[in-house]
Amino acid sequence: MSAELDTSLVKIRGLHFSHGSRAIFKGIDIDIQRGKVTTIMGPSGTGKTTLLRLIGGQLYPDGGTVEVDGHQVSALSSGELYALRQRIGMLFQTGALLTGLSVFDNVAFPLREHTHLSEAMIHDLVLIKLHAVGLRCARQLMPSELSGGMARRVALARAIALDPMMIMYDEPFTGQDPISMGTLVQLIRLLNDALGLTSIIVSHDVQEATFISDYIYILSGGRVVEHGTPSKIDRSCSAAVKQFMRGLPDGPVPFHYPGRDYAEDLLDVEKSAPVRSLGRLKYLLRRHASPEVS
Ligand SMILES: Nc1ncnc2c1ncn2[C@@H]1O[C@H](COP(=O)(O)OP(=O)(O)OP(=O)(O)O)[C@@H](O)[C@H]1O
């Protein structure tokens, strides 16, 4: 085992997972290094969120192993899993704040739920966390009074409330204006380094991810198609990586969700008026053709 692997907080080996009959992972290996920011990228539907759920123990692998801080997640008892989850902060795209609670109470929530700290201590901790995200003075506001960017920063303060060892971000930049985006990017990096966290980010935002990350994994078709530092990824010759990084609509990752033949589908659509001739089929294909299909 190399020295590099020894510093992994999350170690995934030979991971297989399917949603029903759809194979999502076909044997992937991933190492998330302690203290680093690692971004998981890849086309939509490739399984990035599923991967976070496998790391968090909300899903179990069909094959292979997911280890977090030396524990094989699928072998943990429910009590042990609960304890592990308390050490993992999660930040979702929506922020997912509790709408009936103020900013202060949202951040206080995990402290009240999971600790026996006094209210005076919770007060100080909440102010520290809110100060870290620049929103100490917004503590009395309700979620409905926050901008999208502020809501995400409150969610971030809540995610670090219990001093987690790791934070998993699912599409943290989506829908942000450039200023909020820049603030979030800086905050994620700053908090990671200042608090000695390990961060896993799932993102489509190539520029931000490249800027913020120490390491990047690109998933596609159930496999890791590339991994390395941002500069290595940038230089990658892989067609799938180039397609993703440059945002090309078609390439090794097909534009169309896999399924049966287009002509067969049209024949089904037109069941009420069956296609009787090749001419009619050609006509239908032209009529239904999308602009992306030549
Ligand atoms: N609970 C579920 N049951 C069945 N299929 C699911 C379930 N959750 C996700 N899927 C399917 O698994 C695949 C991977 O989903 P996932 O959300 O992990 O992808 P993703 O890479 O995060 O996508 P996006 O970038 O669009 O958020 C998708 O095809 C999705 O339709």
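This is a predicted model: local features need pLDDT of at least 70, side-chain atom pairs count only at pLDDT 80 or more; totals for chains, interfaces and linings use all residues.

Biologist: OK, in what order do the 4 strands of the open sheet come?
Modeller: The order is β2-β1-β4-β5, and the pairing in this open sheet is antiparallel. Strands here are DSSP runs of E with at least two residues, helices are runs of H or I with at least four residues, and both are numbered from the N terminus. Two strands count as paired if DSSP finds at least two bridges between them.

Biologist: And which strands stand at the edges?
Modeller: Those are β2 (22–33) and β5 (71–72), and each has a single partner strand, so one side of each is left without a neighbour in the sheet.

Biologist: How many bridges are there between β1 and β2?
Modeller: β1 and β2 pair in the antiparallel sense over 9 bridges, and one example is His16, whose bridge partner in β2 is Lys26. The two strands form a hairpin with 2 residues between them, and Gly20 in the turn has a positive phi of about 60°.

Biologist: What about β1 with β4, how many bridges join them?
Modeller: There are 5 bridges joining β1 to β4, and these strands run antiparallel; Ile12 stands opposite Val66 in β4. Strand β4 (residues 63–68) also pairs with β5, again in the antiparallel sense, over 2 bridges, and there Glu67 stands opposite Gln72 in β5.

Biologist: Which strands does helix α2 touch?
Modeller: Helix α2 (residues 48–55) packs on this sheet and touches β1 (8–19), β2 and β4, with its direction at about 120° to that of β1. Contact means that the C-beta atoms of two residues, placed from the backbone, lie within 7 Å. Axes are lines fitted to C-alpha atoms, for helices over the stretch in contact, and angles run from 0 to 180 degrees between N-to-C directions.

Biologist: Switching topic, which residues are around the ligand?
Modeller: They are His19, Gly20, Ile24, Ser44, Gly45, Thr46, Gly47, Lys48, Thr49 and Thr50, where a residue is included if its C-beta atom, placed from the backbone, lies within 6 Å of the molecule. Helix α2 gives the most to this shell, with 3 residues.

Biologist: How many of them are nonpolar, polar and charged?
Modeller: The shell has 1 nonpolar, 8 polar and 1 charged residues. In this scheme Ala, Val, Leu, Ile, Met, Phe, Trp, Tyr, Cys and Pro count as nonpolar, Asp, Glu, Lys and Arg as charged, and the others, Gly among them, as polar.

Biologist: And what is the order in the open sheet of 6 strands?
Modeller: That sheet has the order β6-β7-β8-β3-β9-β10, with mixed pairing. Its edges are β6 (88–91) and β10 (223–228), each with a single partner strand, so one side of each lacks a neighbour in the sheet. The twist averages 15° from one strand to the next. Between β6 and strand β7 (residues 166–170), which run parallel, there are 4 bridges, and Leu91 stands opposite Tyr169 in β7. Helix α6 packs on this sheet, touching β6 and β7, and its direction makes about 170° with that of β6.

Biologist: Last topic, at what angle do α4 and α5 pack?
Modeller: Helix α4 (residues 103–114) and helix α5 (residues 119–132) pack at an angle of about 125°, with their axes 9 Å apart. That makes α4 oblique to α5, because angles under 35 degrees count as roughly parallel, over 145 as roughly antiparallel, 65 to 115 as roughly perpendicular and the rest as oblique. Among the residues making the contact are Phe104 and Leu111 of α4, and Ile122 and Leu125 of α5. By class, this contact of α4 with α5 has 8 nonpolar, no polar and 2 charged residues.

Biologist: And how do α6 and α7 cross?
Modeller: The axes of helix α6 (residues 148–159) and helix α7 (residues 178–194) come within 9 Å and cross at roughly 15°, and the two helices are therefore roughly parallel to each other.

Technical notes
Residues are numbered from 1 along each chain as its sequence is written.
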